[in-house]
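Look over the sequence and the model below.

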Amino acid sequence: MYTSIRPFYIYVDLGANVNDALVRGIEFLKEEVGKQNPRATRLSQIIFLTDGEPTSGITNPSRIADNVKAASTNKISIFTLGYGSSANWKFLQRVASENN
């Protein structure tokens with residue numbers, strides 16, 4: 001039996017602040033698990049969509065990947081979907097493979 005999914009969207013103005021979007025998403029899921037929300041404890045995952053590279057906030061892909069891994073502590077699966085010719089495929093693959 002499937003239950004409804006409550007999506008959580010983070011909108012970033014004036015650029016792609018990838019670090020803040022992913023870390024805030026992880027923090028949101030951790031808070032829901034802490035509240036004993038049954039939906040959050042069954043399956044916690046982030047589906048990250050991007051059309052390019054980080055352009056605001058922390059922009060170093062390696063540093064972002066390290067921050068995301070540290071925040072997630074391997075308890076949250078992250079799926080990355082990049083589209084367009086400017087997507088940083090190596091970065092997206094690293095984030096997804098280190099957080100599954």
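What follows covers the helix, the core and the salt bridges.

## Basis

This is a predicted model: local features need pLDDT of at least 70, side-chain atom pairs count only at pLDDT 80 or more, and totals for chains, interfaces and linings use all residues. Residues are numbered from 1 along each chain as its sequence is written, and side-chain values use heavy atoms, with hydrogens and water left out.

Helix H4 spans residues 89-98. Helices (H or I, at least four residues) and strands (E, at least two) are DSSP runs, numbered from the N terminus. Phe91, Leu92 and Val95 of H4 are buried. Buried means under 20% relative accessible area, exposed over 50%, and partly exposed in between (1.4 Å probe, protein chains only).

The three cover an arc of only 100° around the axis, which puts them on the same side of H4. That arc is taken from the directions from the helix axis to the C-beta atoms. Lys90 and Gln93, on the other side of H4, are exposed.

## The core

The buried residues of H4 pack against helices H1 (18-34) and H3 (61-72), and against strands S1 (45-50) and S2 (77-82). Contact means heavy atoms within 4.5 Å.

The largest nonpolar core has 18 residues. Such a core is a set of buried Ala, Val, Leu, Ile, Met, Phe, Trp, Tyr and Cys residues joined through side-chain atoms within 4.5 Å. Phe91 and Val95 are among those with the most contacts inside it, as is Ile46. H1, S1, H3 and H4 each supply at least two residues of this core. H1 gives the most, with 6 residues. Beyond four places away in sequence, Ile46 touches residues including Leu22, Ile26 and Ile78.

Arg94 lies in helix H4. Arg94 is partly exposed, at 25% relative accessible area. Asp66 is also partly exposed, at 39%.

The structure holds 2 salt bridges. A salt bridge is a side-chain nitrogen of Lys or Arg within 4 Å of a carboxyl oxygen of Asp or Glu. Asp66 and Arg94 meet in one (2.5 Å, N to O). Asp66 lies in H3 and Arg94 in H4, so this pair ties together parts that are 28 residues apart in sequence. Their C-alpha atoms are separated by 9.8 Å.

Arg94 and Glu98 also meet in a salt bridge (3.0 Å, N to O). Both lie in H4, 4 residues apart, about one turn of the helix.
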